[in-house]
Amino acid sequence: RQRGLATTKKYTAAEREELLKVANEKMKAYYTNRPPIEKIRQSKRNSNSVRDKEHYIQAVLVASFVATFVITPFLGKKIAQDDAFR
């Protein structure tokens, strides 16, 4: 019994060898035709997509919530002790 496979067809030895040859050729084409890693790293550094700026937006939001959380007790105390607000 085969688990997790889409098909349960049993291949003959010749069919299996042919499928392996095709898969090996596809992988060989991928590895021989890929761009150099330096080019990929350079393009990632120079990209100006929205996704690259998302972590800055998230950091600003977190910083503002933390600042609000820290400042709230001081403002509450000032408002509670100020006669003009009572």
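In which helix do E25 and K28 both lie, and how many residues apart are they? They both sit in helix α1 (residues 13–33), 3 residues apart, or about one turn of the helix. Keep in mind while looking through these views that the model is predicted.

**View 1. The whole chain, a run of helices.** Start with the overall layout: the chain has 3 helices and 0 strands. Read from the N terminus on, the elements go α-α-α. Of the 86 residues, 0% count as buried.

View 2. Averaged over the chain, the pLDDT is 80, and 77% of the residues score at least 70. Among the elements, helix α2 (residues 37–45) has the lowest mean pLDDT, at 70. Helix α3 has the highest, at 88.

View 3. Side chains of opposite charge can pair when their charged atoms come close. Here the side chains of E25 and K28 meet in a salt bridge, at 3.9 Å from N to O. That pair falls under the salt-bridge cut-off because the nitrogen has to be within 4 Å of the carboxyl oxygen. The structure holds 1 salt bridge.

**View 4. S64 reaches back to the backbone.** Now move to helix α3, where S64 is found. Which backbone oxygen does the S64 side chain reach? The side chain gets to the backbone oxygen of L61, at 2.7 Å. S64 has a relative accessible area of 34%, so this residue is partly exposed.

**View 5. A nonpolar patch on the surface.** Zoom in on V62, V66, F69, V70, I71, F74, L75 and I79, which form a nonpolar patch on the surface. Together these residues have about 830 Å² of accessible area. I71, one of the patch members, has its place in helix α3, which spans residues 50–81.

Conventions
Residues numbered from 1 in each chain as written. Heavy atoms only, no water. Patch = residues over 30% accessible without salt bridge, like charges linked within 9 Å, V, L, I, M, F, W, Y side chains within 5 Å. Areas by Shrake-Rupley, 256 points an atom, 1.4 Å probe, with all protein chains shown as cover. Helix = DSSP H or I, 4+ residues; strand = E, 2+ residues; numbered from the N terminus. pLDDT = per-residue confidence, 0-100. Buried < 20%, exposed > 50% of the residue type's maximum accessible area, 1.4 Å probe, protein only. Polar contact = N/O pair within 3.5 Å; in protein donor to acceptor, adjacent residues only side chain to side chain.
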